[in-house]
Amino acid sequence: MKLAKTFSSEVTVRFNGRVANAKSIMGLASLAADHGSIVELEVAGQDEDHATEALVRLIEIELAQPEEPRG
């Protein structure tokens, strides 16, 4: 997630027993979370409150909508 990279805090996403650094697109892809999945977000650092608010908003609002088919 590009948004996670804008914060100095460490951001971790957990899904189905797997853990990934939210600043790593490959790590997030390895979670294999489908649209509508429930994930756990852990944020720790100097700007954790602001980061948590922004990331939760992204997940709940922007990523809650399925992608439009391309083609």
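This is a tour of one predicted model, stop by stop, with what to select at each.

Residue numbers start from 1 along each chain as its sequence is written, and side-chain values use heavy atoms, with hydrogens and water left out. Because the model is predicted, local features need pLDDT of at least 70 and side-chain atom pairs count only at pLDDT 80 or more, while totals for chains, interfaces and linings use all residues.

**Stop 1: the sheet**

Select residues 10-15, which make up strand β1, then 18-21 for β2 and 40-44 for β3. Helices (H or I, at least four residues) and strands (E, at least two) are DSSP runs, numbered from the N terminus. The three strands form an open, antiparallel sheet in the order β2-β1-β3; two strands pair if DSSP finds at least two bridges between them. β2 and β3 are at the edges with a single partner strand each, so one side of each has no neighbour in the sheet. From one strand to the next the twist averages 20°; axes are lines fitted to C-alpha atoms, for helices over the stretch in contact, and angles run from 0 to 180 degrees between N-to-C directions.

Now keep β1 and β2 in view. Four bridges join them in the antiparallel sense. Pick V13: its bridge partner in β2 is A20.

**Stop 2: the nonpolar core**

Which residues touch the most other members of the largest nonpolar core? Select V11, A22 and L31, out of 13 residues in that core. A nonpolar core is a set of buried Ala, Val, Leu, Ile, Met, Phe, Trp, Tyr and Cys residues joined through side-chain atoms within 4.5 Å. Buried means under 20% relative accessible area, exposed over 50%, and partly exposed in between (1.4 Å probe, protein chains only). Colour β1, α2 (25-31) and α3 (48-62) to see the elements that give two or more residues to this core. In soluble globular proteins, nonpolar side chains tend to be buried together.

Stay on L31 and show its contacts (heavy atoms within 4.5 Å). Beyond residues up to four places away in sequence, L31 touches V13, F15, R18, V19 and A20.

**Stop 3: S9**

Move to S9, in the loop between α1 (2-5) and β1. Is S9 buried or exposed? S9 counts as buried because its relative accessibility is 0%. Leaving aside neighbours within four places in sequence, S9 has contacts that include K23, V43, A44 and G45. E48 is also in contact with S9, and the S9 side chain reaches the backbone nitrogen of E48 at 3.2 Å.

**Stop 4: salt bridges**

How many salt bridges are found in the whole structure? The search finds three, a salt bridge being a side-chain nitrogen of Lys or Arg within 4 Å of a carboxyl oxygen of Asp or Glu. Select R14 and E42, whose side chains meet at 2.7 Å, N to O. R14 lies in β1 and E42 in β3, so this pair ties together parts 28 residues apart in sequence.

R14 is partly exposed at 29%, as are E42 at 38% and E40 at 46%.

Finish on helix α3 with E53 and R57, which are four residues apart, about one turn of the helix. Their closest N and O atoms are 3.1 Å apart in a salt bridge. E53 is partly exposed at 49%, and R57 is partly exposed at 42%.

Methods
Polar contact = N/O pair within 3.5 Å; in protein donor to acceptor, adjacent residues only side chain to side chain.
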